Each structure stands twice: as structure tokens, then as C-alpha cells.
Amino acid sequence: MSRVIVFDEPGGPEVLRVAEVPEPAPGPGQVRVRVKAAGVQPFDVAVVEGWVPPGADAAYPRTVGNEFAGVVDRVGAGVTDIAVGDEVLGFTLAGAYREHLVISAEQVTPKPPGMPWEVAGGFTAPAQTAYNSLEELGVGSGDTLLVHGAAGAVGTVAVQLGRLWGATVIGAAREAQHDYVRSLGAAPVGYGEGFVERVRALAPDGKVTAALDGVGGAALDATLELVEDRARIITLYDHDRAAALGVRLSPARRTAARLAEMAELYARGDLKWHVRETFPLERAADAHRSYKAGGIRGKIVLTVD
């Protein structure tokens, strides 16, 4: 048997429970991964609260988790470039909070030898979300990029990618996180009264040319004052308001090749990463409670014995 985190009705962290299911077997083109770590992210919280992602099974009990790392322990027919014993990280739509995960061989990539499991398990979604968003915005040399939630998992990557791609980066975060944001290469700025004026004072010529919003609400409203071209604003939070405001959403285009590229940046030391907290699989509810408490710097990750 194999443990998996499930929930039988929508709700808060308290609805998450451990279930035991038969160990799955990989089919053609698939591999089975013995999961070592899985990231906790806003996507997961929304699913537990009742959101059904496009293409997901809405029947209960439902599973959660869409990023993971682990060791391949079985391979299906036709898989030739992955072997039993390979250490991998990857992505799925749902179900990564478990001991054994069957996944398409096209959704995993090798884990760099020096990348710890807790880093690898929570790396996929933030790394690809940040990359896809900045690519969609066309961020590059000469840009001034504003990143809201700069101390969070996506923000951590976005700040560093923006710098690597030649942009000046301003990172909005709580004051307690300013030293961390500064260490990533951004000029930190705090929220509250006078936010727009403080950002303009930090921006070359007072102009912000692109923004990634991981906070929503008042932060997004302020961004509308700062960025002239709304097509160069992406919100990761205010999905319901995006169309009406004329701002964009992050494109959903995760690939193993893109993930491998990001993992290589980490392996070379070009991408810093911070794991805030780890919880064992059976404490998934506590991990969600910690996430919902806010003030997160870096990533919360589940580990599997």
C-alpha cells in the first residue's frame, strides 16, 4: 500500500487526511516516482478550498499537489531515457502529495546532484511560473521590473531572473524581508501609504516598465498607476479582475526542458533558493496552515520518508 493525502469535501487545511491506496503501476510512456518531497503552493490551497483546475477530476476524494521530486522506482514500456534509480523533479496537475506517483516520462527531468530534496520538491512551479511570466512580459535590458511578493517563492526567482536578463528590479515586500530581497539583487520597497511615490523614487527616471503581481488587491491597484502599458503587467493572484483591468495572467506552459534549464541555473549557483519550512507528508494540514498564515519567505515543502 501507498500513502496519499486526500480530502472528501472542500474546506480549509482541516479537511486534508492521509489515505492508503494500492501502489500504482506505470503504463506505456510512464514512470513511477518514489516521492521524496513535494512543494506547497497557492494552487494547492485553492484546490482544497474547492477550485477545480481545467482538466482535473472533480470527484471526491480528491488529491492535491502539482510539483515533486523523487527517485524513479519503476518504468513503463517504451521508456528508454529514464532508468530505475534516477533522481528526478517534475510536475503534474494534481496528486503529488503521496508516496508513489505515476507520471508521464515527459514531465520529469534529472535532479542536479547538489540540489537537496527539499529544494527540488518545491522548485518546479515557482521556477517555471517566474520564467514564463517574465518571458511573456518581454523583460530584458533597459526595463525596470516591479515584483510584488518579492520574498515569496515565485518572487525569489523572478527577482533573480529579471537581474540575469538585464533589468533593474524593485522588490515589494514586508519590511522584515527587505534584507533578503536586497540579497537577491532588488531594491526593496515596503507597502503602505506612499507606496507609489516610493517606487517612483527608486525607479530610473521614475518609470516602471513591467510588473509581476503576486499579491493582488491594493498592490495591483498601485501597479496600474506605475506601469503605463497594462499588457506588461501579469497578476498571479487577481484572476477575476485581470480581464476587466486589461492585465495579463501567467501562461500555463510547463515543460521538462524549461525545468531543466532552471535547474541548471541553480546548479551553477546563478539562482538562490530558500526553503522556509518542511513538514512530513502526514502533516500536510499543518503545512497549509503555515502557508495561509502569510509572511512567507521562500518555500514550504512536504517531505516523504
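Predicted model: local features only at pLDDT ≥ 70, side-chain atom pairs only at ≥ 80, totals over all residues.
In soluble globular proteins, nonpolar side chains tend to be buried together.

Leaving aside residues up to four places away in sequence, M115 touches L89, A120, F123, A263 and Y266.

## Helix 3 and helix 4

Two packed helices are described by the angle between their axes and the distance between the axes. For helix 3 (residues 124–137) and helix 4 (residues 153–164), the axes come within 8 Å and cross at roughly 45°. The two helices are therefore oblique to each other, and their crossing is right-handed.

Helix 3 contributes P126, A127, T129, A130, Y131 and L134 to the contact, while helix 4 contributes A153, V154, V157, A158, L161 and G162. Sorted by class, this contact holds 10 nonpolar residues, 2 polar residues and no charged residues.

## Helix 6 and helix 7

The axes of helix 6 (residues 195–202) and helix 7 (residues 218–226) come within 10 Å, with a crossing angle of roughly 50°. Helix 6 and helix 7 are therefore oblique to each other, and this crossing is right-handed.

On the helix 6 side, F195, V196, V199 and R200 meet A222, E225 and L226 of helix 7. By class, the contact has 5 nonpolar, no polar and 2 charged residues.

Methods: Residues numbered from 1 in each chain as written. Heavy atoms only, no water. Axes fitted to C-alpha atoms, helices over the stretch in contact; angles between N-to-C directions. Helix = DSSP H or I, 4+ residues; strand = E, 2+ residues; numbered from the N terminus. Parallel < 35°, antiparallel > 145°, perpendicular 65-115°, else oblique. Left-handed = near helix turned anticlockwise from the far one by under 90°. Contact = heavy atoms within 4.5 Å. Nonpolar A, V, L, I, M, F, W, Y, C, P; charged D, E, K, R; others polar.
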